[in-house]
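Hi,

Here is the structure I promised to pass on to you. Have a look at it first, and then read on for what turned up.

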Amino acid sequence: MKLTKEQINFVNNLLNKMTLEEKIGQLTQDSPSIVGGFDISFDELVEMLTDGRISQTEFNKKITNVKRDYHEDDIRNGFVGAVMGNDPKKANELQKIAVEETRLGIPLLIGFDVIHGLRTVYPIAIAEAGSFDDELMQKTASIAAKESRAYGINWNFAPMIDVARDSRWGRVSEGPGEDPYLSSRFATAKIKGLQGDQSSSNNYVAACTKHFVGYSACEGGRDYNTTTMSTNTLFNVYLPPFKAAMNAGACSAMAAFNDLNGIPCTVNSYTLRNILKDEFGLNGFVVSDANAIKECVNHGIAENDIVAGEMAINAGLDMDMGTRIYLNHLASSIKNGTVSMDVLDDAVKRVLSVKVWLGLFENPYIDEKIIEQYDCAIPKEHINICKESAEKSLVLLKNEENILPLDKNKKFTLVGSLADSPDEVTGSWALGFKSKDCVSIKKGLENSNANFDYYPICGPNTSINSSELDSAINSDSDIIVAVVGELKSMSGEASSKANLILPGQQREMLASLLRANKKVIAILMNGRPLALGWEKENLKAIIEGWHLGIQMGNAISSALFGDINPSGKLSCTFPSVNGQEPLYYNHTSTGRPASNSKFTSKYVDTPLEPCFPFGYGLSYTTFKYDSLTLKETPSSVNVTFNLSNTGKRPGTETVQLYIQDVTASIVRPIKELKGYKKVSLQPGESQTVTLTLDKSEMGFYNNMGQYVLENGLFKIYVGGNSKDTLVSKININF
Ligand code: GLC
């Protein structure tokens, strides 16, 4: 976030006019409370929507006639600096109070969780990162920014860029997978998309990168659990995407719930001040996660709310989300000297800077005409980009005997209740979509005039309907397309699972169909890597469909019939069985690397290899890599190889470049992704591809948090996934 000299002066002049109460008000993010009877609290209702226990339609019905208290008087008195919500008319109302009825007229930030689209919901991050298409990831974010502004939102609690290595953690669905490099490119694309188009205040929002930091390393994959890691792991694995986001100019960050090496991120001055603000250069602000300041008492780091608030603001936590601890106690902390006015002023300046950068002082209100435009129909361009993102994010995992693509005219049988569950396509954290926009897989097949009969039989949380199973078994087609996976409520926040196999009786359904000599093709709808050892062994074909967003049905149909050639790759490793987690490709060698001999690092009851490796994805054609050569220049290594399309269809391959620092002052991963590129080839076509490896990226952080480049032998790998690669060696003297 860059401010002009005038803008900086404006902020400083405004600060000098503010009273202590007005300053503290700017550090308070408030949410509406419910007035009147509710069999459950509003927060619980939002959680039920977030985790899919109720649909958007049910949620809207429940809250339509209940009165909510937006604490207008607190806004009028200048006690609130930010609110949460996606109701455009209400946004203008509250903004009007802040701008026209407070003493200084400071506009509100209006924040909301727009993680992968608002009205136009595109693929969940773990899927979209698998497109390896930075330009596309930026485009979808820019759609989210435009729709956010139209709905009154000027601050997105996104992108979520937690590198995740343990699929038991439900929030793997929200982030870009297990690799720091891919996650860094994802982060950069998202910040550019959300913040980049400042041609009009209708086109950009302030991003809020989250969750800072190490939240995804929660022990046992249990959400909110403790995290402990070495300095080199923190800097080499979990920090890189945040550094990339700050380099791209992210306006804000959200501190994570977890304690990191004994200090909760909410009150961790080492991570918030030393790293995020001083080293990475955040000149915007840090907001807590919901209720997190209060939860520092539960953590056992603060004996009460007052101390928690003092520790947080002193640690560099600028804005309080939802507890009102700053509002209620900071004034006395200032007066008794526990918190200095300099600390307070720095926090307030950071918040005001983002508001100035957003242009809120000039354009605080939403143009009500724009609301009509978005509220009736989604612009065609948004649909097209959303569908393209869905098509490029799905992954072809298995295709035995090239059973796919199917012939559209040949009859097949569709099974699985997920196939006809339109709302399920959006995945977790989709809070602004309309059910009528959602294309289920069954609807997508109907849109393609496919020839099929349909039996739901069972889903993630329903048992097998035996008569429907019998009908499917007795149907006159020998090909079964089975849509199986998770409900969107089974991933996302507070959705950690100890069991990663297909939930419910879905695997039993598949087995029954196989026993009837059916050829079974699975389309997966899931928010995390599942343990697919049995499915990989027994099914004819598998497409990883993730939760691809509102165009999922059309994208899956395009892939099923070959209207598109799948090009997506996995942004994360899939286990065969649960117990392999945490599981990721960029692990260290150990002194006894896994092998068939007994005394090596492995499980005696699972295969040595993961079910599907990071970066893996098939195509309807085949690609061949050969002639790898390396050419060193003073600042880089040019990695050149030949790529051929050895199949019968045009296709796009994501070529991947990995390195290994073979011997270093601390043990390094056996492979680290350091480059990728999408290459499209016609059948029979070959292309010489060169990826340039910048030598400055061949280093690592040591246990003092210093970035070092160490001379020595490097292995350079290229391939279509992290396992099947060509390799060459080079000695580097930096
Ligand atoms: C939640 C999530 C965070 C989200 C915030 C506001 O608990 O941890 O990602 O942005 O609250 O909804």
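The centres of domain 2 and domain 3, taken over C-alpha atoms, are 33 Å apart. Six residues of domain 2 and nine residues of domain 3 take part in the contact. Bear in mind that this is a predicted model, and that the domain assignment puts domain 1 at 25-106, domain 2 at 386-580 and domain 3 at 623-732.

How much area do domain 2 and domain 3 bury between them? It comes to about 530 Å², with 38% of that on carbon and sulfur atoms. On the domain 2 side, Asn-565, Ser-567 and Lys-569 supply 78% of the area buried against domain 3, more than any other three residues. Across this interface there is one salt bridge by the rule used. As for Lys-569, its side chain meets that of Glu-653 in a salt bridge, at 2.9 Å from N to O.

Now for the rings. There are 22 aromatic pairs in the structure. Take Phe-412 and Phe-561: their ring centres are 6.2 Å apart and their planes sit at 50°, so this pair counts as tilted. Phe-412 belongs to strand β14 (residues 412-415), while Phe-561 is in the loop between α23 (552-560) and β19 (623-632), so the pair ties together parts that are 149 residues apart in sequence. Are these two buried or exposed? Phe-412 is buried, at a relative accessible area of 1%, and Phe-561 counts as buried too, at 8%.

Another pair to look up is Tyr-625 with Phe-641, which is stacked: 5.7 Å from centre to centre, with 25° between the planes. Tyr-625 sits in strand β19 and Phe-641 in strand β20 (residues 636-645), so to speak 16 residues apart, and the pair links distant parts of the chain. Both Tyr-625 and Phe-641 are buried.

Which residues do ring pairs link into a cluster? They are Phe-132, Tyr-181, Tyr-585, Phe-614, Tyr-658 and Tyr-676. Tyr-676 also has a charged neighbour, as Arg-185 lies over its face at 3.7 Å from the ring centre.

Best wishes

How values were computed. Residues are numbered from 1 along each chain as its sequence is written. This is a predicted model: local features need pLDDT of at least 70, side-chain atom pairs count only at pLDDT 80 or more; totals for chains, interfaces and linings use all residues. Side-chain values use heavy atoms; hydrogens and water are left out. Rings of Phe, Tyr and Trp (its six-membered ring) pair if their centres lie within 6.5 Å; planes under 30 degrees apart count as stacked, over 60 as edge-to-face and the rest as tilted. Helices (H or I, at least four residues) and strands (E, at least two) are DSSP runs, numbered from the N terminus. Buried means under 20% relative accessible area, exposed over 50%, partly exposed in between (1.4 Å probe, protein chains only). A charge sits over a ring if NZ of Lys or CZ of Arg is within 6 Å of the ring centre and within 35 degrees of the ring normal. Domain bounds come from an automatic or database domain assignment. Contact means heavy atoms within 4.5 Å. Buried area is the accessible area (1.4 Å probe) that two parts lose on being put together, summed over both. A salt bridge is a side-chain nitrogen of Lys or Arg within 4 Å of a carboxyl oxygen of Asp or Glu.
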